[in-house]
Amino acid sequence: MTEIGFGIDIGGSGIKGAPVDLVAGKLATKRVRIPTPQPSTPQAVAETVKDVVSEFFGSQCPSSLGITMPCVVHDGVTRSAANIDPAWVNHRARDTFSETLGTEVVVLNDADAAALAELHYGAAQNHQGLIILTTLGTGIGSAMIYNGVLIPNAELGHIEIDSRHGEDWAAARVRVEESLSWPDYAQRLQRYYSTLEFLFSPDLFIVGGGVSKDADQFLPLLTLETPILPALLRNQAGIIGAAWQGRESLAARS
Ligand code: BGC
C-alpha cells in the first residue's frame, strides 16, 4: 500500500520538493531543487514553489501539500525571517502560497517538519519524554517533541551562549566559514548542547541538517548526560515532514 503526499522545503539557498510515500516515510521519486530567488520575497518564492510543483504535476496541484519555511510560523503567518527576505515577517504565507498555487496548503517551520519526519519515520520513533531536535545548517533550527507531540516554533538556535548568538557561533555554516577543525567545532557544540541540557533536561537530542552525515566526526567528541543521535532522514526530513503535515491538515479539513 502507498499513500502519496507532497512536501516542499524552502531554504535560504534552495527550494526542494518531491512526492512522498507516507507509508514508507521516504521520497517517492527523486526530488527537484531550484535555487531560491534573490531577493527571496514572498511572491518570488511562491512562484518558484509553483515551478517545483509543476515539474511533477504540470498545472494541476496535489490534493495535499505541506511547505516548510525557515521562520516562526503561526497559523499560516510567518513571524520571523532569519535567513530569508525580511518581507516574510508578519506575512500571510499560507494565503500567498494558496493563491499562487490555487490549492490549500499547510505552512510550518522547517525544523518542526524535520522533527515530525524523525518522529514518524526516523530517529525519534519509539522514544518518549522530551526530544530536542536541532538542525545544523545555515542557521540552527530546533524542535521539541514531548511524548510524541510537537511543541511548535521552539527557536533554540537564537539562545545566547557566553554572550554570543547561538546560531552565529555554532551553525554548520560557521564551521565552514571559519575553517574550524571537527574538534574545534565540537567544542562549540559541547557548549551549545550543554546549555540546552541545563535549560531543558531532555531525554534525547537528535542532530539533523546536512552536517548529520558527518556525525561520526563530532558526536563521539561530545560529553553529555543526554543521549544524542544523528537524524536518520538527513536532508529529506523537511520534505517528508511537510508532506506528512499536509496530509494531516487535509484530513482535518475534510
Ligand atoms: C530560524 C528558524 C529556522 C532555522 C533553520 C533559524 O534562523 O529562526 O526558524 O528553523 O533558522 O532554518
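Which strands does helix α6 (residues 182–200) lie across? In this predicted model, helix α6 lies across β9, β10, β14 and β15, and its direction runs at about 150° to β9.

These strands belong to an open sheet of five strands, in which the order is β11-β10-β9-β14-β15 and the pairing is mixed. The edges are formed by β11 (149–151) and β15 (228–230), each of which pairs on one side only. On average, neighbouring strands of the sheet are turned by 25° against each other, with direction ignored. In general, the strands of a sheet pair through backbone hydrogen bonds, either parallel or antiparallel. Here, β9 (residues 130–136) and β14 (residues 204–208) provide a case of parallel pairing, which extends over five bridges. Within these two strands, T134 stands opposite V207 in β14. A further helix, α3 (residues 110–121), also packs on the sheet, where it touches β9, β10 (140–146) and β11. The direction of helix α3 makes about 45° with that of β10.

Attention may now turn to the ligand. The residues that surround the ligand are P70, C71, A82, N83, N109, D110, I140, G141, E155, H158 and E167. Taken alone, the ligand exposes 310 Å², of which the protein buries 93%.

Key. Residues are numbered from 1 along each chain as its sequence is written. This is a predicted model: local features need pLDDT of at least 70, side-chain atom pairs count only at pLDDT 80 or more; totals for chains, interfaces and linings use all residues. Side-chain values use heavy atoms; hydrogens and water are left out. Two strands pair if DSSP finds at least two bridges between them. Helices (H or I, at least four residues) and strands (E, at least two) are DSSP runs, numbered from the N terminus. Axes are lines fitted to C-alpha atoms, for helices over the stretch in contact, and angles run from 0 to 180 degrees between N-to-C directions. Contact means heavy atoms within 4.5 Å. A residue is near a molecule or strand if one of its heavy atoms lies within 4 Å of it. Accessible areas come from the Shrake-Rupley method with a 1.4 Å probe; for residues, only the protein chains shown count as cover.
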